[in-house]
Amino acid sequence: MQFQYQPSRSPKKGWWCGVSIYVVVTLVLFSFVAGLLVNEYRWKIETQKGADIAGGAVVNVEKNKMPEFLSKDVDFNLFWQLWEAIKIRYINKDILDTKLFYGALAGMVASLGDPHSVFFDPETTEKFTKELSGSFEGIGAEIGIKNNHLTVIAPLPDTPADKAGIRTGDVILAIDNMDASGISLDYAISIIRGKSGTNVILKITREEFTEPKDFTITRGVINIVSVKYEMKDYHGKKIAYIEINQFIEDTVERFDKAVRWALEENPDGLIIDLRGNPGGFLDGAVRVASEWVDGELVVTEKFGDGSIKEYKSPSRARLKDYKTMVLINEGSASGSEIVAGALQDYGLATLIGKKTFGKGSVQEMETFTDGSAVKLTVAKWLTPKGREIDQLGIDPDIEIDLTKDDFNNDNDPQLDKALEILAP
């Protein structure tokens with residue numbers, strides 16, 4: 001469930017601080033209702049466009065035309081009418097006002113139609129923060145929305161998801177027999193997570209399946225080791241292999257240790273494995289890339305108003321003189337794509353594997369006084385050469401697949417190719 005996430009350097013107070021709860025709830029619930037209506041309208045357009053109607057006629061609806069109700073002035077009485085209807089007529093009379101309120105806040109963010117912009121209630125915020133610190137309870141898989149389907153970006157190594165056989169690119173059709181089509185990302189994550197020792201059943205489809213299969217996964221405590229490294233002896237050459245699993249709080253520190261180790265060993269080449277790395281902190285990705293990029297631009301953020309923010313290397317570049325191979329695949333996303341894109345643009349590494357996920361947007365997280373938080377998409381990022389990666393991904397310099405048979409037989413042709421190039 002990660003993303004390219006950049007924490008706010010100075011968390012702000014919500015705009016609604018000091019405003020009466022009346023106005024706050026009115027605004028957020030109106031946004032919730034409007035969001036649902038907009039999504040329903042879009043759904044009708046998509047389903048009607050090109051559909052066969054009795055008699056063979058085709059209905060064409062102007063997709064970008066704003067429905068009339070959205071052009072009218074806001075009538076806040078609608079909020080109170082809906083609130084009263086729920087409180088009086090809804091079958092469950094024990095519904096809490098606070099639950100309605102947080103649902104309205106979530107609805108406001110959901111109305112943006114952006115799967116990467118999410119509202120977290122206080123409990124979810126706490127769980128999310130634990131994950132970024134490297135420890136949480138769940139199955140240990142990064143989940144995202146791709147082509148409108150709930151999709152596994154990557155299972156983290158040696159986690160319950162990985163051990164159960166979950167793979168990058170798996171499409172989740174159901175969670176504990178609940179249909180996952182159209183489900184919001186944050187809600188899906190909240191029900192897939194759970195207490196260590198409990199089970200969750202994911203109905204999965206993947207390309208080689210003739211029909212969907214159920215995977216029963218026992219949740220556990222997930223402790224992420226963000227960086228691992230070892231020396232590989234290949235054809236009499238020393239090749240330093242560094243695997244970066246995620247960009248979390250300790251990644252920069254762990255990667256610095258790996259770099260110092262590599263410098264002491266003075267290898268004949270480097271392999272940086274970013275396969276299945278779903279991203280994380282933007283700063284961590286920039287710091288990692290700066291071990292090759294010498295004082296130059298690493299990534300640019302482009303905001304909705306057209307303004308930009310550039311992130312340059314702090315001129316460490318301790319690895320710039322080492323021949324480097326970078327392994328990528330469909331599970332390499334966000335921060336991984338920042339590193340891979342920068343090294344590819346400057347010709348500092350050869351990328352081997354498969355096209356990356358294509359998660360090129362930046363989120364900032366703002367925490368509010370009650371412990372809730374919002375993660376909002378604020379920009380898209382561009383590689384040093386100005387390439388936009390969102391929805392497009394990064395193509396490898398050398399494309400090599402890792403097939404099901406390779407996986408089952410512990411073969412790694414992508415790694416093998418990197419070794420062959422570094423030690424022919």
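Which residues lie nearest the centre of the second largest pocket? They are Arg167, Thr168, Asn329, Leu402 and Phe407, out of 37 lining residues. The model is predicted: local features need pLDDT of at least 70, side-chain atom pairs count only at pLDDT 80 or more, and totals for chains, interfaces and linings use all residues. Residues are numbered from 1 along each chain as its sequence is written, and side-chain values use heavy atoms, without hydrogens and water.

**Second largest pocket**
- A pocket is an open set of points on a 1 Å grid over the protein atoms alone, where a 1.4 Å probe fits, with protein on both sides within 12 Å along at least five of seven lines; lining residues have an atom within 4 Å of a point.
- The volume of this pocket, meaning the space filled by probe spheres set on the points, is about 1400 Å³.
- Two or more lining residues come from each of strand 5 (149–155), strand 12 (237–244) and helix 10 (404–408).
- Strand 5 gives the most, with four residues.

**Whole protein**
- There are 11 helices and 21 strands, taken as DSSP runs (helices H or I, at least four residues; strands E, at least two) and numbered from the N terminus.
- Of the 424 residues, 47% are buried (under 20% relative accessible area, 1.4 Å probe, protein chains only).

**Helix 8**
- Helix 8 spans residues 282–289 and is mostly covered, with six of its eight residues buried.
- Those buried are Leu282, Gly284, Ala285, Val286, Val288 and Ala289.

Technical notes
Buried < 20%, exposed > 50% of the residue type's maximum accessible area, 1.4 Å probe, protein only.
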